[in-house]
Amino acid sequence: MLLRNARLADGAVRDLLLADGRVRRVTPPGVLPQAPERSETDLAGFLLLPAAAEPHAHLDKALTWDLVGAPPGDLPSAIDAWREYAERVTGDDIARRARRALDELTMNGVTAVRSHVDILPGEDPLRGLRAMLRLRDDELVCGARTELQIAVLHADAPEALLREALRMGADVLGGCPHLTDDPAAAVERALRLAGEFGVPLDLHADENLDPSSRDLQLLAAAVTAAGKRRALTEPGQRVTASHCVSLGTVTEAEAARIAKETAAAGIGVVTLPQTNLYLQGRDRPAPVPRGLTAVRALLDAGVALGAGGDNVRDPFNPVGRCDPLETASLLVTAGHLTPPEAVHAVTSGARAVLGLPDAGPYEGAVADLLAVRAGSLSEALGAACPERVVIKAGRVVSRTAVARELL
Ligand SMILES: [Zn+2]
């Protein structure tokens, strides 16, 4: 396939030749010849970026805000509200909503998604996992469009249940050490199980404003110790810490020290601005603390940083458009990242923490691409025009057109 007249982030206008899922050539416009076997897409007026990845979604909870009601809006009340609904939630309900959110993500430019799925209360605790695995394995929904990774989420589920979930085919082991009585033991068990099954580990870490919360430090220490026996940062054994909110509440020197330990352990961090700006800080009316991890300290230490949408219109967050550019925009205003850093966090940074090879508009890269109608990177981010073309493995998988009339 030929892409014509695409503007790149550096302002240059280029043609691209895509073949076998890769970007093969990038040339000035008009150099690459037409050929009958090549389809062409004219991207004049579009900015071409690496496709976005969603490193942390909860598709099983997505779009339940109108069903579950409006709790006060902090993390414990959101968990309670969800638990009540989760008692009676069915696999079909989960599959329907997850599919809708997944389609939205695809149309907005996301070609890889990691979704956590709860171990549910009730008689059949793995019904949510089964629904999500069916979605993952459905060629029409995922297949050529989206790579979906499923992480099993739990606080302190019995080990037998976690083993069953991993045997059923969950891709990633999740967990929430800070919600257990013994976070150190939870971290140890998680690392041991992930190592045994050869799956990546992705923990909800320190999702609170308590500066003494230590999930990330425990994880870094345990990975460093385990790394002497086994390369836990190899693909398939990657370790990710998501949220890490409390890291944003410690002193600058402390954050820098923990960020250094995190980098040395090879742990990737995922920041989730939308949900954590909503959930955290409600109990402190002034000054309201921000529920963000120390993104600057992490970047300065060389930690792989991805950013995701987390919750979308559910008890944990009533808003959200399944749009990585919305997440990136929040990182500019609330996280004080530059526009290129923010876009990197939802594209190449997110792919890195998911263990995916580099994608983007350059020769040799995986041809997962997002074209947004915009004349520059800052316009793409700031205006976040829904008019987009999404390319996965060298094929157009979604096209959105917009009609506006000013009368
Ligand atoms: Zn989460």
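Colleague: What classes do the residues lining the largest cavity divide into?

Modeller: This is a predicted model. The lining of the largest cavity divides into 8 nonpolar, 6 polar and 5 charged residues.

Colleague: What volume does the largest cavity have?

Modeller: About 120 Å³. The lining has 19 residues, and those closest to the centre are Glu 54, Leu 105, Gly 309, Val 312 and Cys 322.

Colleague: How many cavities of 30 Å³ or more does a search of the whole structure find?

Modeller: The search gives 3.

Colleague: Back to the largest one. Which element gives the most to its lining?

Modeller: H11, with 3 residues. Strand E6 (52-57), helix H3 (91-107) and H11 each supply at least two.

Colleague: Which residues of H11 are buried?

Modeller: H11 covers residues 324-333, and its buried residues are Pro 324, Leu 325, Glu 326, Thr 327, Ala 328 and Leu 331.

Colleague: And what caps the N-terminal end of H11?

Modeller: Asp 323 does, with a side-chain oxygen 2.9 Å from the backbone nitrogen of Leu 325.

Colleague: Now the metal. Which residues coordinate the zinc ion?

Modeller: His 56, His 58 and His 204, each through NE2, and Asp 310 through OD. The distances run from 2.1 to 2.7 Å.

Colleague: Why is the arrangement of the donor atoms called irregular?

Modeller: Because the 4 donor atoms subtend angles of 80 to 176° around the zinc ion. Tetrahedral would need all angles between 85 and 135 degrees.

Colleague: What spacing do the donors follow along the chain?

Modeller: H-x1-H-x145-H-x105-D. His 204 and Asp 310 link distant parts of the chain, 106 residues apart. His 204 sits in strand E10 (residues 201-205), while Asp 310 is in the loop between strand E13 (305-307) and H11.

Colleague: Is His 204 buried or exposed?

Modeller: His 204 is buried, at 4% relative accessible area. Asp 310 also counts as buried, with 3% relative accessibility. The cut-off for buried is under 20%.

Colleague: On to the pockets. How much space lies in the largest pocket?

Modeller: About 440 Å³. Its lining has 25 residues, with Arg 83, Asp 118, Leu 153, His 154 and Ala 155 nearest the centre.

Colleague: What classes are in that lining, and which helix gives the most to it?

Modeller: By class there are 13 nonpolar, 6 polar and 6 charged residues. Helix H2 (residues 75-86) gives the most, with 5 residues.

Colleague: Where does Asp 118 lie, and what does its side chain contact?

Modeller: Asp 118 is in strand E7 (residues 110-118). Its side chain makes a polar contact with the side chain of Lys 61, at 2.8 Å. Asp 118 counts as buried, at 14% relative accessibility.

Colleague: What volume does the second largest pocket have?

Modeller: About 310 Å³. It is lined by 18 residues, and Thr 293, Ala 294, Val 295, Arg 296 and Ala 297 are the closest to its centre.

Colleague: Which helices each supply at least two residues of that lining?

Modeller: Helix H8 (252-265) and helix H10 (295-300). The largest share, 4 residues, comes from H10. The classes are 9 nonpolar, 5 polar and 4 charged.

Colleague: Backbone next. Which residues does a cis peptide bond join?

Modeller: Ala 286 and Pro 287, with omega about -20°. Pro 287 is in the loop between helix H9 (273-279) and H10.

Colleague: What is the phi of Asn 5?

Modeller: Positive, about 60°, although Asn 5 is not a glycine. Asn 5 lies in strand E1 (residues 2-7) and is partly exposed, with a relative accessible area of 29%.

Colleague: And the phi of His 336?

Modeller: Near 60°, a positive value in a residue other than glycine. His 336 lies in the loop between H11 and helix H12 (339-346), and it is exposed, at 56% relative accessible area.

Colleague: Last one. What separates the C-alpha atoms of Asp 74 and Gln 280?

Modeller: 6.3 Å, although the two are 206 residues apart along the chain. Asp 74 lies in the loop between helix H1 (65-68) and H2, and counts as partly exposed at 31% relative accessibility.

How values were computed. Residues are numbered from 1 along each chain as its sequence is written. This is a predicted model: local features need pLDDT of at least 70, side-chain atom pairs count only at pLDDT 80 or more; totals for chains, interfaces and linings use all residues. Side-chain values use heavy atoms; hydrogens and water are left out. Buried means under 20% relative accessible area, exposed over 50%, partly exposed in between (1.4 Å probe, protein chains only). A polar contact is a pair of N or O atoms within 3.5 Å; within protein, one must be able to donate a hydrogen and the other to accept it, and residues adjacent in sequence count only if both atoms are side-chain atoms. On a 1 Å grid over the protein atoms alone, a cavity is a set of points where a 1.4 Å probe fits but cannot get out, and a pocket is an open set with protein on both sides within 12 Å along at least five of seven lines; lining residues have an atom within 4 Å of a point. Grid points are joined across faces, edges and corners, and a volume is the space filled by probe spheres set on the points. Ala, Val, Leu, Ile, Met, Phe, Trp, Tyr, Cys and Pro count as nonpolar, Asp, Glu, Lys and Arg as charged, and the others, Gly among them, as polar. Donors are N, O and S atoms within 2.8 Å of the metal (3.2 Å for Na, K and Ca); water is not among the atoms, so sites may look incomplete. Four donors count as tetrahedral if all angles lie between 85 and 135 degrees; four count as square planar and six as octahedral if opposite donors are over 155 degrees apart and all others between 65 and 115; anything else is irregular.
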